[in-house]
Amino acid sequence: MGATYALGRFIIAPLGRLIYRPHVEGRANVPKHGPVIFASNHLSFIDSIAIPVAAPRPVHFLAKSSYFDGAGISGWMSREFFTAIGAVPVQRGAGQAALDALDQQRRLLEEGKAVALYPEGTRSLDGRLYKGRTGVAFLALQTGAPVVPVGLVGTDRVMPVGAKRPSLSERITVRFGAPIDVSHHGTAESGRARRLATDEIMSAIHALSGQELANAYNEAPAHGIDRLKQVLPHERR
């Protein structure tokens, strides 16, 4: 990432705050140093921009590798933009691809960085908060990184699913909750510990976002780390 990310954070974050004037709550809850996992609800493509713009420290997240592989001017612009906002390219898929995604996130945390993940696995199309997949809890239990729950409000109005460009007339709210230490639930190898840790994280996200609960998994194809449900031991429901 290097200079591109540093320049992008220097330019994009202030510009985003100027244009969209987000309401940001709980910034003091974010640890200033050391590894941290931001676990957020997921309503819109711009969620992965809203979190880095609002967070008081650099944040990295997974993005599909096709955003970085394009040719020509458009490919270069896409690659530079996603690099500038802290995206890490990852191959979509189960099996080895999912494990590679986990390794990427683990390495970032071991370097003391912050990563953002979506326990629901994919965007909510109806605005409800879906049940969390256990991949985020697995990563937190394995690395010992605290989890900062994030509640996003209004990003689906700024850029609904299918929209070509974001609206400039809507404002969003980003709420950072108190860090959660999930280690008391057990080890990463325990399905029960992963399920209990995930439920604790989702309860905190729900308190911040105020969404209606779906009480079901979002069964649209998941991406990134949440495909770990296909390679981890059976998820406890």
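Is Arg106 buried or exposed at 19% relative accessibility? At that value Arg106 counts as buried, because the term buried is applied under 20% relative accessible area, exposed over 50% and partly exposed in between, with a 1.4 Å probe and protein chains only.

This is a predicted model, in which local features need pLDDT of at least 70 and side-chain atom pairs count only at pLDDT 80 or more, while totals for chains, interfaces and linings use all residues. Residues are numbered from 1 along each chain as its sequence is written, and side-chain values use heavy atoms, with hydrogens and water left out.

**Salt bridges**

Side chains of opposite charge can pair when their charged atoms come close.

| Salt bridge | Closest N and O atoms |
|---|---|
| Arg106 and Asp103 | 2.4 Å |
| Arg128 and Asp126 | 2.9 Å |
| Arg195 and Asp199 | 3.0 Å |

Asp103 is partly exposed, with a relative accessible area of 26%.

Arg195 and Asp199 are both found in helix H8 (residues 191–209), 4 residues apart, which is again described as about one turn of the helix. Arg195 is buried, at 5% relative accessible area, whereas Asp199 is partly exposed at 34%. In the pair formed by Arg128 and Asp126, Arg128 is partly exposed with a relative accessible area of 26%, and Asp126 is likewise partly exposed, with 40%.

**A polar contact in a loop**

His42 lies in the loop between strand E2 (36–40) and helix H2 (47–54), and with a relative accessible area of 6% it is buried. The side chain of His42 is joined to that of Asp47 by a polar contact of 2.8 Å, a polar contact being a pair of N or O atoms within 3.5 Å, of which, within protein, one must be able to donate a hydrogen and the other to accept it, and residues adjacent in sequence count only if both atoms are side-chain atoms.

**A nonpolar surface patch**

Leu18, placed in helix H1 (residues 2–20), counts as exposed at 64% relative accessibility. Together with Leu15, Ile19 and Leu168, Leu18 makes a nonpolar surface patch of about 410 Å². Patches are made of residues with over 30% relative accessible area and no salt bridge, like charges being joined within 9 Å and nonpolar side chains (Val, Leu, Ile, Met, Phe, Trp, Tyr) within 5 Å; accessible areas come from the Shrake-Rupley method with a 1.4 Å probe, and for residues only the protein chains shown count as cover.

Terms used:
Salt bridge = Lys/Arg side-chain N within 4 Å of Asp/Glu carboxyl O. Helix = DSSP H or I, 4+ residues; strand = E, 2+ residues; numbered from the N terminus.
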